[in-house]
Amino acid sequence: MPAFIKLLGFLMTAYVLKQVGKRLDYVLDWRSGYLEPLETIIDDLGWEIPNSPDGKRDLRITEQHHDFYRSWAEFSGGIPGKFYLVSSKVRTSRGRVLSQSIVVRIAIVTASKSGE
């Protein structure tokens, strides 16, 4: 059953789980319900994390790229247990600006008992 969370007024049905101390690579494929036939991405308008202050521990975008149909980003950091809303915007060959958002949750670290 999907996890339901409410973040910044939006009801989301799932999230991406990022492990503490590891980088997360995420790809958005704009062909899945966003691009029209023969339309391509001509400009990446960037990824943003509106609820992530510039603190050292918060989630950060470390790299971002795009091709004609996809955008991808690499994320690092994040506070265990915290949810972050991540958005990406692109401009298309037809002059449209498209936006997609995902929720990234940082895994909670639990101490394991020795011998298990």
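Select Asp67 first: at 22% relative accessibility, Asp67 counts as partly exposed, a class that lies between buried (under 20% relative accessible area) and exposed (over 50%), computed with a 1.4 Å probe on protein chains only. The model is predicted, so that local features need pLDDT of at least 70 and side-chain atom pairs count only at pLDDT 80 or more, while totals for chains, interfaces and linings use all residues. Residues are numbered from 1 along each chain as its sequence is written, and side-chain values use heavy atoms, with hydrogens and water left out.

The side chains of Asp67 and Arg70 meet in a salt bridge, with 2.6 Å from N to O; the term denotes a side-chain nitrogen of Lys or Arg within 4 Å of a carboxyl oxygen of Asp or Glu. Arg70 is also partly exposed, with a relative accessible area of 31%. Salt bridges that share partners join Glu36, Glu39, Arg94 and Arg96 into one network, which may be displayed as a group. Over the whole structure, the search finds 8 salt bridges.

Turn now to Asp43 and Arg91. Their closest N and O atoms are 3.6 Å apart, and the two residues form a salt bridge. This pair links distant parts of the chain: Asp43 lies in strand E5 (residues 41-48) and Arg91 in strand E8 (residues 83-92), 48 residues apart. Strands (E, at least two residues) are DSSP runs, numbered from the N terminus. Asp43 is partly exposed at 31% relative accessible area, and Arg91 is likewise partly exposed, at 32%.

Then select Arg31 together with Asp29. A salt bridge joins them, the closest N and O atoms being 3.0 Å apart. Arg31 has 47% relative accessibility and counts as partly exposed; Asp29, at 27%, is partly exposed as well.

Finally, select Trp30, Leu59, Phe75, Val86 and Val104. These residues have the most contacts inside the largest nonpolar core, which has 18 residues. Such a core is a set of buried Ala, Val, Leu, Ile, Met, Phe, Trp, Tyr and Cys residues joined through side-chain atoms within 4.5 Å. Strands E4 (24-29), E5, E7 (70-76), E8 and E9 (97-106) each supply at least two residues of this core, and E9 gives the most, with 4 residues.

Which residues does Trp30 touch, not counting those up to four places away in sequence? Among them are Leu35, Ile41, Tyr69, Arg70, Val90 and Leu98, where contact means heavy atoms within 4.5 Å.
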